Amino acid sequence: MPIITYETFIQAPITVCFDLARNVDIHTKTTAKTKERAVAGVTTGLMEKGDSVTWEATHLGVKQKLTAKIIKMEKPYQFIDVMVKGAFHSFTHTHEFIEKENGTIMKDKFVYRSPIGLLGKIADKLFLEKYMRQFIVNRAIELKKIAEQKKM
């Protein structure tokens, strides 16, 4: 099972970072490259524990839908979402926020299992893990830009 971790320092308060990370509208902005948009569940604003959202996006040239649900939330330190329906066999995405002097450390931990057994494992090694890592990193970079502009 691939585990993708990424950590970034954001010069913005922890509450700003936490709220931006769980905001559906901001998620759409930070994933513009994949044309991600919310099509069911919570489709705008802040998500809370128990909320779900269905995203439609184009990944690896294929238009697809994925539904995720927030299963844990400790404001403003952590929230965890899991896939309930979609292309993966499963995934869990932990978003963690640590208050530091002059800002916040934002940590992503994305653990997933590809579908199709052995073929999925081969896809992970050939391209999928790299693709997902870049997706997580790009989203974090975009969220950092928004948070640091918002703080001014």
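Visitor: What should I know before I start reading?

Guide: This is a predicted model, in which local features need pLDDT of at least 70 and side-chain atom pairs count only at pLDDT 80 or more, while totals for chains, interfaces and linings use all residues. Residues are numbered from 1 along each chain as its sequence is written, and side-chain values use heavy atoms, with hydrogens and water left out.

Visitor: Which residues lie nearest the centre of the largest pocket?

Guide: Rolling a probe the size of a water molecule over the atoms shows where empty space is left. On a 1 Å grid over the protein atoms alone, a pocket is an open set of points with protein on both sides within 12 Å along at least five of seven lines, a cavity is a set where a 1.4 Å probe fits but cannot get out, and lining residues have an atom within 4 Å of a point. Here the largest pocket has a volume of about 710 Å³, counted as the space filled by probe spheres set on points joined across faces, edges and corners. Its lining has 39 residues, of which Leu66, Phe88, Phe91, Phe110 and Met132 lie nearest the centre. Helix 3 (residues 117-151) gives the most to this lining, with 10 residues, where helices (H or I, at least four residues) are DSSP runs numbered from the N terminus.

Visitor: Which residues line the largest cavity?

Guide: The largest cavity, with a volume of about 50 Å³, is lined by His93, Met106, Asp108, Phe135, Ile136, Arg139 and Ala140. Helix 3 again gives the most, with 4 residues.

Visitor: Which residues touch the most other members of the largest nonpolar core?

Guide: In soluble globular proteins, nonpolar side chains tend to be buried together. A nonpolar core is a set of buried Ala, Val, Leu, Ile, Met, Phe, Trp, Tyr and Cys residues joined through side-chain atoms within 4.5 Å, buried meaning under 20% relative accessible area with a 1.4 Å probe and protein chains only. In the largest core, which has 22 residues, Ile10, Phe79, Phe97 and Leu143 touch the most other members. Helix 1 (14-21) gives the most to this core, with 5 residues.

Visitor: What does Glu148 touch?

Guide: Contact means heavy atoms within 4.5 Å. Leaving aside residues up to four places away in sequence, Glu148 touches Phe9, Ile10 and Gln11, and a polar atom of the Glu148 side chain lies 2.8 Å from the backbone nitrogen of Gln11.

Definitions and conventions. Helices (H or I, at least four residues) and strands (E, at least two) are DSSP runs, numbered from the N terminus. A polar contact is a pair of N or O atoms within 3.5 Å; within protein, one must be able to donate a hydrogen and the other to accept it, and residues adjacent in sequence count only if both atoms are side-chain atoms. Buried means under 20% relative accessible area, exposed over 50%, partly exposed in between (1.4 Å probe, protein chains only).
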